[in-house]
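Student: I am new to this structure and would like to know what lies behind the terms used for it. Can we take them one at a time?

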Amino acid sequence: MGGMHILHVEDDAEAAGAVAEQLGRAGDQVEWAATGGEGLRRAAAEAYDLVILDRMLPDMGGLEIVARLREVGNPVPVLMLSALGRSDDRIEGLDSGVDDYLAKPYEPAELVARVRALHRRAAGMAHSAVILFGDLECHLKARTAYRQGRHIPLSPKEFTLFRYLMENAGEVVTRDMLLRHVWNLNFDPQTNVIDVNVGRLRRKLEDGFETPVVETVWGLGFRLAAA
Amino acid sequence: MRQGPLLLARRSLFGRFTVAIAAIAAAAMLLLLLAADIAVRRARDDSLAQMVDTDLAGLADIYASGGAAELADRVGDRLALVPERGDPSHYMLADGAGRRIAGDLDRWPGLAAETSESGYLTLEDGAQVYARATLLGPGVRLAVAREYGSWDDLAARMRTALLVSGLAILLAVASAGLWAAHRLRRRVAAINQAYQAIERGELDRRAPGAERKDELGELAAHANRMLARIEALVKAHRDISDHVAHELRTPLTHLDNRLLRLIDRLPGSEAAPLLQSARDEIRNVVRMLASLLDISASEAKRGDARGLERIDLSAVVANVAELYADAAEEQGVDFTISIEPGVGMLGDPMQLSRMVTNLLDNALKAAPEQKGRVALSLAQGPRIEVIDNGPGVPEEMRARIFDRFQRVAATGGKGHGLGLALARAIAERHGLTIRIEDSRPGARFIIERQEES
């Protein structure tokens with residue numbers, strides 16, 4: 001799903017270069033705006049797939065840019081990439097209309113994963129009643145899971161986790177993304193709780209089947225892989 | 001806040017002041033009353049003794065010049081002349097056996113004539129008198145008595161006058177005191193109200209009355225200057241935190257990006273793991289920085305109810321408990337969860353989640369590998385307890401483990417030593433206290449509502 005058209009508003013040239021390189025390698029095309037004013041003008045004038053905003057810009061802060069865009073009804077997905085990475089900062093950002101918030105320094109693969117997930121959500125790929133992927137089925141209304149037509153009993157939290165993986169099937173979801181979307185937490189517990197929880201779901205999805213479906217992406221997160 | 005006068009007297013400085021002033025006034029009045037009474041009594045004694053003695057001396061002269069018959073006549077004269085004002089006198093001229101020769105007394109008063117005895121007596125008809133007796137000649141004695149009711153009237157009138165004026169003074173003192181107390185209390189209450197608002201986080205509030213030149217005005221002015229300073233500091237703190245975060249994170253991000261590019265250019269190199277561990281170290285620095293800023297931010301917002309919402313703490317704690325349940329099981333730890341449903345409070349759900357997370361992290365690290373036990377409970381209050389059966393924390397360490405960078409030996413010194421400090425900062429930001437007790441073996445962390453001071 002590469003080839004996204006992305007606007008990056010960032011006053012620091014080196015940081016902008018790194019983002020362009022990292023997303024470029026994933027197949028996206030990144031345009032750079034060095035000031036908030038220019039960023040706002042271009043975001044409003046052109047149809048980008050996604051806008052990445054720095055928060056602290058000398059002329060116009062990222063939060064203000066989002067507010068102005070939302071004011072005129074511009075629905076473009078916005079990822080805030082900021083040096084202000086405290087829990088409060090994230091909440092403030094998300095409350096003001098930003099779709100996702102990533103703190104610097106970040107893992108490039110995490111950035112790519114977040115960009116993909118945002119784009120997918122905006123493109124409405126996850127808006128059907130049933131999500132199918134390989135031999136997996138996720139019934140959103142009934143909150144049930146099937147593999148090869150066999151019902152897999154899941155706890156409510158396990159289902160939420162399964163659903164989020166299915167919505168992003170084939171793509172990497174990071175631990176931070178799971179914490180935020182499944183457990184509604186925006187900080188990083190120091191222990192491996194996410195791995196353990198994914199591990200339990202993995203056993204339910206894989207025990208008694210030939211092929212694995214949940215892949216661990218080392219140092220980053222997990223991916224549902226087609227069986 | 002309305003207070004009854006009794007409560008005011010006990011609780012208010014000014015109330016106590018007023019009561020003390022009134023008590024002093026009352027005591028002074030009683031003393032005055034007593035002194036006046038003694039003075040009147042003395043004057044009466046002197047006056048009675050003088051009058052009775054003069055009378056007696058005059059009658060003795062008459063006896064000396066005219067004999068007993070003349071004296072009896074004169075006594076009759078004196079008795080006939082009843083004074084319109086003043087106290088009546090009584091006489092008795094008696095023979096050696098005490099039989100009356102003249103006078104209006106029926107019986108000889110119990111006074112020794114030989115020694116010219118004098119004293120206060122009660123006559124048979126009940127009249128109170130001062131009397132003196134004397135021996136005029138062989139077989140002739142004379143007693144002169146004088147009533148002193150007018151003196152008693154005088155004393156009573158004076159007491160009444162003193163009592164009435166004293167009560168008036170007392171009333172005046174008490175009401176002046178109460179008025180002053182009320183005024184002072186209102187001014188101090190206004191200042192206190194401003195402080196309460198500041199405690200709630202309205203940092204721009206100031207104590208009123210600072211423009212006055214008296215002591216309270218001075219106090220308010222001092223306090224206001226300090227408050228302005230605090231407000232500026234809090235504002236500066238936020239700005240500095242943002243700047244520190246930005247100014248440090250940006251170069252760290254550059255550093256990280258460059259390390260990453262190096263790793264990309266040296267595929268399979270021996271340097272790669274070292275470079276990766278350098279990147280991990282950058283992550284640690286950033287995380288520590290974020291935690292420190294979080295702690296300061298929570299401390300700065302201590303007691304500030306703004307930004308808090310009514311939340312279902314049971315749901316928040318259950319969410320975290322669920323996240324940790326599998327991890328505990330995997331670790332072979334027996335994890336008991338006991339959450340009373342419907343525990344509500346004013347809070348920031350993310351921060352409170354983090355507080356519980358840090359305690360659970362800590363407990364799971366402390367729990368022994370064999371037969372480890374961790375218990376999490378939430379009860380109304382709210383009261384949160386996290387118990388582990390690890391080695392516990394020695395008594396002398398307990399006060400310090402909530403300080404920054406105090407690694408708990410029980411957890412093997414893992415972590416950056418900020419988890420418990422952050423837990424405390426979050427607890428206190430929500431008006432909760434956190435403490436650690438011995439759970440024999442292991443540690444018991446208790447978070448509960450701060451006692452209202």
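Tutor: In β12(B), the bridge partner of B:Ile387 is B:Arg444. Keep in mind that this is a predicted model.

Student: What makes β10 and β12 of chain B a pair?

Tutor: Pairing requires at least two bridges between the strands. Strand β10 (residues 383–388) and strand β12 (residues 443–449) of chain B have 5 bridges, in the antiparallel sense, so they count as a pair.

Student: How do you know that β11(B) also pairs with β12(B)?

Tutor: The cut-off is again at least two bridges. Strand β11 (residues 432–438) of chain B is joined to β12(B) by 7 bridges, antiparallel, so the two are paired. One of the partners is B:Ile446 in β12(B), which bridges to B:Arg435. Their hairpin leaves 4 residues between the strands, and B:Arg440 takes a positive phi near 40 degrees there.

Student: Why is the crossing of α7(B) and α9(B) called left-handed?

Tutor: The term applies because the near helix is turned anticlockwise from the far one by less than a right angle. α7(B) passes α9(B) in that left-handed way. The angle between helix α7 (residues 349–366) and helix α9 (residues 419–429) of chain B is about 145 degrees, and their axes are 9 Å apart.

Student: What makes B:Leu352 and B:Ile426 part of the meeting of these helices?

Tutor: Contact means C-beta atoms within 7 Å. B:Leu352 is among the residues of α7(B) that meet α9(B), and B:Ile426 is among those on the α9(B) side. By class, this contact has 8 nonpolar, 4 polar and 2 charged residues.

How values were computed. Residues numbered from 1 in each chain as written. Chains lettered and ligands numbered in written order. Predicted model: local features only at pLDDT ≥ 70, side-chain atom pairs only at ≥ 80, totals over all residues. Helix = DSSP H or I, 4+ residues; strand = E, 2+ residues; numbered from the N terminus. Axes fitted to C-alpha atoms, helices over the stretch in contact; angles between N-to-C directions. Contact = placed C-beta atoms within 7 Å. Nonpolar A, V, L, I, M, F, W, Y, C, P; charged D, E, K, R; others polar.
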